[in-house]
Amino acid sequence: MTISKAKLRKTISNPPVELQPVTRLIPANTQEQVMEQLYEFIGMEHLYESAIREVKTKLEILDGEFKSKYDYNPIHHIEDRLKSPQSILEKLQRKGYPFTCDAARAALNDIAGVRVICNYIDDIYTVADLLTMQDDVELIVRKDYIEKPKPNGYRSLHLVIKTPVYLSDRKEMVNVEVQIRTIAMDFWASLEHELKYKTDTEVSAELAQQLKQCAETIADTDKQMQQIYKTLKEIN
């Protein structure tokens, strides 16, 4: 989002209430530069929020079509998240990039994230194929951690896609990371994340092995549930 110099100076001299604490902390000689960057990030945030809505709408339409055609919803539910400015800064620093909108858009594929929770493994690939076949969606990256799980046992299908966002004066193609997994995979990933990142104790090798064994058990359960579902469909 580009803001004129006149409007920027007016904002600095008479900032809105929510920005007043920020402007008081910024030295006068750098306020214009910092505030311009702040407005750029506000614009980028809106852009990525819009991209998330675009992808969620596409997925909801596909799920609704399945319900009307086959009386079945392949998607259990959808979650989303927008990476915070602090997380963007930390990741850019790790990668050796400056903290700018241009650097963030060029270097990071996961600013916008959509997580799709499916009932069965087959649903994951069905949803992924239907989404990426749409003519206004461009597939950038596909990583199949179901076929080749991560060493800790993590399973999910990761896609990075470009989706169009239509603004008042232009169309922007925006990257969105889409993670697609089953309910069971999501259950394991959520608990593993909680244990790994939300506690002060480092996970020991023994506990890591137990977590991996849990992931294997859950994967076997996923396969069994998929087979039970297929058998019931054949009976009907």
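**Salt bridges and their setting**

Modeller: R105 is partly exposed, with a relative accessible area of 28%; buried here means under 20% relative accessible area, exposed over 50%, and partly exposed in between (1.4 Å probe, protein chains only). The model is a predicted one, in which local features need pLDDT of at least 70 and side-chain atom pairs count only at pLDDT 80 or more, while totals for chains, interfaces and linings use all residues. Residues are numbered from 1 along each chain as its sequence is written, and side-chain values use heavy atoms, with hydrogens and water left out.

R105 belongs to a network of salt bridges that also links D169, R170 and E172. The criterion is a side-chain nitrogen of Lys or Arg within 4 Å of a carboxyl oxygen of Asp or Glu. Helices (H or I, at least four residues) and strands (E, at least two) are DSSP runs, numbered from the N terminus. E172 also forms a salt bridge with R170, the closest N and O atoms being 2.8 Å apart. E172 is buried, at 16% relative accessible area, whereas R170 counts as partly exposed at 37%.

A further salt bridge joins the side chains of K91 and D110 (2.8 Å, N to O). It links distant parts of the chain, with K91 in helix α4 (residues 85-95) and D110 in the loop between α5 (101-107) and β2 (112-118), 19 residues apart. D110 is buried, with a relative accessible area of 12%. By the rule given above, the count comes to 14 salt bridges.

Buried residues make up 39% of its 236 residues. With contact defined as heavy atoms within 4.5 Å, 62% of the contacts between residues at least 6 apart in sequence join residues at least 24 apart.

In α6 (residues 121-132), the buried residues are I121, D123, I124, V127, A128, L131 and T132. They cover an arc of only 155 degrees around the axis, which puts them on the same side of α6; the arc is that of the directions from the helix axis to the C-beta atoms. In α8 (residues 205-235), the buried residues are L211, A215, I218, A219, D222, Q226 and Y229. The 31 residues of α8 should span 45 Å at 1.5 Å a residue, and the end C-alpha atoms are 45 Å apart, which agrees; the expected span is 1.5 Å times one less than the number of residues.

I228, also in α8, is partly exposed at 46%. Together with M225, L232 and I235, I228 forms a nonpolar surface patch with about 400 Å² of accessible area. Patches are made of residues with over 30% relative accessible area and no salt bridge, like charges being joined within 9 Å and nonpolar side chains (Val, Leu, Ile, Met, Phe, Trp, Tyr) within 5 Å. Accessible areas come from the Shrake-Rupley method with a 1.4 Å probe; for residues, only the protein chains shown count as cover.
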